Amino acid sequence: MAEKTKKNLEEAAQSRSTEGVIDPPSPIRRHVKWKMARTKKIGQMTSEAAKEIAEKIVSHFQLRIVIIFVYSVND
């Protein structure tokens, strides 16, 4: 896949066109897949333990976002 992307980029550079050059989508993050696997169709978690872990995951990522924001503002 990397070779195909490189080839497409080289062809686009030669023709000076961006047609056909599309960035592949980012893979689904591991924690998102974990939560999806433990969420019922109606939106509830499969167990109380899964719900507690999901809340910890969410709070951890919210904290990371706040820390990144604070550091980016202070630079």
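The accessible surface of the protein comes to about 7,200 Å². Carbon and sulfur atoms account for 57% of that surface. Of the 75 residues in the protein, 7% are buried.

This is a predicted model, so confidence comes next. The protein has a mean pLDDT of 80. A value of 70 or more is reached by 79% of its residues.

Now the fold. The protein holds three helices and zero strands. Read from the N terminus on, its elements run α-α-α. Helix H1 covers 2-15 and helix H2 covers 30-37, with a loop between them.

That loop is the place of Ile28. How exposed is Ile28? Its relative accessible area is 49%. Exposed means over 50% and buried means under 20%, so a value in between counts as partly exposed. Ile28 is therefore partly exposed.

Ile28 also belongs to a surface feature. Together with Val32 and Met36, Ile28 forms a nonpolar patch. The three residues have about 270 Å² of accessible area together.

How values were computed:
Residues are numbered from 1 along each chain as its sequence is written. This is a predicted model: local features need pLDDT of at least 70, side-chain atom pairs count only at pLDDT 80 or more; totals for chains, interfaces and linings use all residues. Side-chain values use heavy atoms; hydrogens and water are left out. Patches are made of residues with over 30% relative accessible area and no salt bridge: like charges are joined within 9 Å, nonpolar side chains (Val, Leu, Ile, Met, Phe, Trp, Tyr) within 5 Å. Accessible areas come from the Shrake-Rupley method with a 1.4 Å probe; for residues, only the protein chains shown count as cover. A salt bridge is a side-chain nitrogen of Lys or Arg within 4 Å of a carboxyl oxygen of Asp or Glu. Helices (H or I, at least four residues) and strands (E, at least two) are DSSP runs, numbered from the N terminus. Buried means under 20% relative accessible area, exposed over 50%, partly exposed in between (1.4 Å probe, protein chains only). pLDDT is the predictor's confidence in each residue, from 0 to 100.
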